[in-house]
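Here's a quick briefing for anyone opening this structure for the first time. Have a look at the sequence and the 3D view, then read on for a guided tour.

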Amino acid sequence: MIPYIARRIAQAIFVVLGVTIIVFIILHLLPGGPARALLGPRATDQQVQEFIVANGYNKPVWIQYGTYIGHLLQGNLGYSYHYNQTVDSLLAQDLPKSVLLVGLSYVVSVAVAIPLGILQAVRRNKPIDYTLTGASFIGYSMPVFWLGILLVLVFAVDLHWLPPEGPQGTSVGAILGHPAGLILPVATLSIITIAQFSRFMRSSAIDNLVQDYIRTARSNGLSPTAVLFRHLLRNSLLPIITLIGLSLPATLSGAVITESVFNYPGMGLLLWTAATVRDYPVLLGFTVVVGIATVVGSLLADVLYAVADPRVRYA
Amino acid sequence: MALVREPDAGRPVTGTQVPAEAGAGSMWRLIWQVFLQNRLAVVGLGIIAFMILFCFVGPLIYHTNQVQIDIMQVTQPPSMRHPLGTDNVGYDVLGRLMLGGQSSLEVGFAAAILASVWGTAWGAVAGYVGGWLDAVMMRVVDSILAIPYLLVVLILATIFTPTVPVLIFVIAMVSWLVTARLVRGETLSLKARDYVLAAKAAGVRDRWIIVRHVVPNVIGTIVVAATFSVADAILLLAALSYLGLGPPPPAANWGGMLSNGLNYIYDGYWWLIYPAGIAIVLTVIAFNFIGDALRDALEVRLQQR
């Protein structure tokens, strides 16, 4: 197992370096060059010149990259001229709220998708299977923002059951103080994920149903429910670990949209605002952090999987 | 937005029976026959054919002015003159649906083709050459995949003015990665095959081996990935338009129409919210049906070997 994990860690280090190189390249592609992009459109030419000299943007590219990595290692992500705050403090303020949203939606998705997928596998090619398959096709063919707005139309505008807006507040505690406002954003993000996960669960449960251990359990006289819960469920849970790791970038993209639909004060809303005012320090700082977090996340998923499933280590 | 696809086991679709008369030379006919047995795939093809006719032939029959705004005719409900009403600047919604569909479909197809060509080249070279080059090329793919694609697209769309060609390029930039991975994987196994080794021994140049022996054998995988890419590209274009980074008016696309209509959800203008949304969902579902069916058909071919 150790060589497998060591190889995965080595790969992850190169991928993290790759992410920083990509962001560094984007920084240099920005209109007017990096200094102009980092200082904002209202900086004077003299300020830009001084910034270039002070921060070494007139030095060779590899030295600039070294400086950039040095800043990253110190946790210095730059300064947002739009918010007049360091990117670090913006991140510290808004990232936890997005983690809450995404985390809750994963909990809901897994809790719903696993039983749905197993139900479909057991009732394979029956009306319930066709109905759920149809529903999941519609689920992942919907633009996220349209889904969110339709939920608002039904549950907030027509039925008045739930607020149309996400909870407002600067801290996770304040958000949790208004749980009703969380329901629609979490539901929007979950529906898309459930659509993907349940399809996956259905396939992997169908694969598992024909395995020898299921047949053995059945022929030993175990009741169908016991077979499902004690054997099938456990073995079908494993791929979900990988699936969460794989789906993270897509879910985070969905979170950006969901947050802007519900005006949910997380990282996604901040990024969207940053994009509309061309606040590049925020955009690039968050890209690096989210990219690295994704790499670490999928590394953890792979390591967990290798710990849980001995077959992977020797593959 | 579905970048994660389920493993290739048991579709709920019709039982795929392999026609008995299929010979060795009729690979494509066999795939086509298995494909046609899949009812969902036929429905998908029907929807795409309808959408193409609707968007590209429709405007030749149903003439509307989609350039000049008409402030005397804003947000009119559906009537004989405007079957789907008018939007907030007086454009006829049915006509705009055709025009918007043109750019949604064009962006979807073009981005998928560009991404497939680039992803195939990248994956085939990485897999065929192997060693350090392979490791570096695949870490590049991993790195781009690690960044949420909406962020990459968001940043690129702020740098370049979002015209249709720019959006095609930007969307292709994030959708070639899956193709590259799949093609690399298959190339790794193909390059150990006898016919590739024979070609090598005969002194055929590597470039020619990739073009003549590797790519034709992974074309099925490429086509399946490309079909899903079209669906993803249409959704991504819609998301970008919602975020205000789509092609600016008077250009239209379904996502832009939809996000524009969403400003009026409290006014009850349902004809601004549903037609464009349904058009997107139908088209994306159709491509997903076709992609699934193609993958199944291809598996049957693999089982035949």
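- Most residues other than glycine have a negative phi.
- You'll find A:Asn263 in the loop between α11 (224–262) and α12 (267–276) of chain A.
- A:Asn263 has 14 C-beta neighbours inside 10 Å, so it counts as partly exposed.

**Chain A at a glance**

- Chain A is built with 14 helices and two strands.
- Along the principal axes, the C-alpha atoms of chain A fill a box of roughly 80 × 60 × 30 Å.
- Chain A has 315 residues, and 41% of them are buried.
- If you take the contacts in chain A between residues at least 6 apart in sequence, 69% of them join residues at least 24 apart.

**A helix pair in chain A**

- Helix α11(A) packs against helix α13 (residues 280–308) of chain A at an angle of about 175 degrees, and their axes are 8 Å apart.
- Angles over 145 degrees count as roughly antiparallel, so α11(A) is roughly antiparallel to α13(A).
- On the α11(A) side, the residues making the contact include A:Leu238, A:Ile241, A:Ile244 and A:Leu248.
- On the α13(A) side, look for A:Val290, A:Thr294, A:Ala301 and A:Tyr305, among others.
- Sorted by class, the residues of this α11(A)–α13(A) contact are 11 nonpolar, five polar and no charged.

**A proline in a loop**

- A:Pro163 sits in the loop between α7 (144–158) and α8 (172–176) of chain A.
- With 17 C-beta neighbours inside 10 Å, A:Pro163 counts as partly exposed.
- Apart from its neighbours within four places in sequence, A:Pro163 is in contact with A:Ala156, A:Ala180 and A:Gly181.
- A:Pro163 and A:Asn84 are 79 residues apart along the chain, and their C-alpha atoms are separated by 31 Å.

**Chain B at a glance**

- Chain B has 10 helices and zero strands.
- Of its 305 residues, 49% count as buried.
- For contacts in chain B with a separation of 6 or more, 72% come from residues 24 or more positions apart.

**How confident is the prediction for chain B?**

- The mean pLDDT of chain B is 79, with 85% of its residues reaching 70 or more.
- Among the elements of chain B, helix α3 (residues 93–129) has the highest mean pLDDT, at 89, while helix α1 (residues 27–37) has the lowest, at 76.
- Residues 1–22 of chain B have a pLDDT below 50, and this stretch has 56 contacts in the model beyond near neighbours in sequence.

**Where the chains meet**

- The contact takes in 56 residues from chain A and 43 residues from chain B.
- On the side of chain B that touches chain A, the elements giving two or more residues are α4 (131–146), α5 (149–159), α8 (206–242), α9 (254–261) and α10 (274–304) of chain B.
- That side of chain B has 32 nonpolar, eight polar and three charged residues.

**The largest nonpolar core**

- The largest nonpolar core has 170 residues, and those with the most contacts inside it are B:Val153, B:Ile171 and B:Ala239.
- Helix α8(B) supplies the largest share of this core, with 20 residues.
- Which residues is B:Ala239 in contact with, leaving aside its neighbours within four places in sequence? They are A:Pro143, A:Val144, A:Phe145 and A:Ile257 from chain A, plus B:Leu150 and B:Gly255 from chain B.

Notes:
Residues numbered from 1 in each chain as written. Chains lettered and ligands numbered in written order. Predicted model: local features only at pLDDT ≥ 70, side-chain atom pairs only at ≥ 80, totals over all residues. Contact = placed C-beta atoms within 7 Å. Helix = DSSP H or I, 4+ residues; strand = E, 2+ residues; numbered from the N terminus. Nonpolar A, V, L, I, M, F, W, Y, C, P; charged D, E, K, R; others polar. pLDDT = per-residue confidence, 0-100. Core = buried A, V, L, I, M, F, W, Y, C linked by C-beta atoms within 7 Å. Buried ≥ 20, exposed ≤ 12 C-beta atoms within 10 Å, placed from the backbone. Axes fitted to C-alpha atoms, helices over the stretch in contact; angles between N-to-C directions. Parallel < 35°, antiparallel > 145°, perpendicular 65-115°, else oblique.
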